[in-house]
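Subject: Structure for you to look at

Hello,

Here is the structure I said I would pass on. Please have it open while you read, as my notes follow below it.

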Amino acid sequence: MEIKGKVHCLFEQSGTFKNEFIKLGIPAEDYDIQNNFGETDHVIDLFAEIEK
């Protein structure tokens, strides 16, 4: 599989998956409601955004 562009990781464990993509040389960003570990790229309430 070839991934072109950037990966956007959502919901549970998004940071874990983001970091694995980055290790493989694939640009990635994660989105979460909290930033407990200080590594979340975008802090956002995903459920509220879906409802919009």
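Is G5 buried or exposed? G5 is exposed, because its relative accessible area is 53% and the cut-off for that class is over 50%. Please keep in mind that this is a predicted model. G5 is located in the segment before strand 1. The C-alpha atom of G5 is 8.0 Å from that of I26, and 21 residues separate the two along the chain.

Overall layout

The protein contains three strands and two helices. Read from the N terminus, the order of the elements is β-α-β-β-α. The C-alpha trace spans about 30 × 25 × 15 Å along its principal axes. The chain has 52 residues, and 21% of them count as buried. Among contacts with a separation of 6 or more, 7% are between residues 24 or more positions apart.

Surface and charge

The largest pocket

The volume of the largest pocket is about 470 Å³. Its lining is made up of 22 residues. Which of them lie nearest the centre of the pocket? They are Q13, S14, G15, D32 and F37. Three elements each supply at least two residues of the lining: helix 1 (14–23), strand 2 (28–32) and helix 2 (46–51). Helix 1 gives the most, with five residues.

The loop between strand 1 and helix 1

Two residues in this loop have backbone angles to check. As a general rule, most residues other than glycine have a negative phi. F11 is not a glycine, yet its phi is positive, at about 70°. F11 sits in the loop between strand 1 (7–10) and helix 1. With a relative accessibility of 33%, F11 counts as partly exposed.

Q13 lies in the loop between strand 1 and helix 1, and this residue too is not a glycine but has a positive phi, here about 60°. Why does Q13 count as partly exposed? The relative accessible area of Q13 is 48%, and the class covers values between the buried limit of under 20% and the exposed limit of over 50%, so Q13 falls within it. Q13 is also one of the residues nearest the centre of the largest pocket.

The loop between strand 2 and strand 3

N35 is placed in the loop between strand 2 and strand 3 (42–43). N35 has a relative accessibility of 35% and therefore counts as partly exposed. What does N35 touch, once its neighbours within four places in sequence are left aside? N35 is in contact with T40 and V43. G15 is another of the residues nearest the centre of the largest pocket.

Regards

How values were computed. Residues numbered from 1 in each chain as written. Predicted model: local features only at pLDDT ≥ 70, side-chain atom pairs only at ≥ 80, totals over all residues. Heavy atoms only, no water. Helix = DSSP H or I, 4+ residues; strand = E, 2+ residues; numbered from the N terminus. Buried < 20%, exposed > 50% of the residue type's maximum accessible area, 1.4 Å probe, protein only. Contact = heavy atoms within 4.5 Å. 1 Å grid on protein atoms, 1.4 Å probe; cavity = no way out; pocket = protein on both sides within 12 Å on 5 of 7 lines; lining within 4 Å. Points joined across faces, edges and corners; volume = space filled by probe spheres on them.
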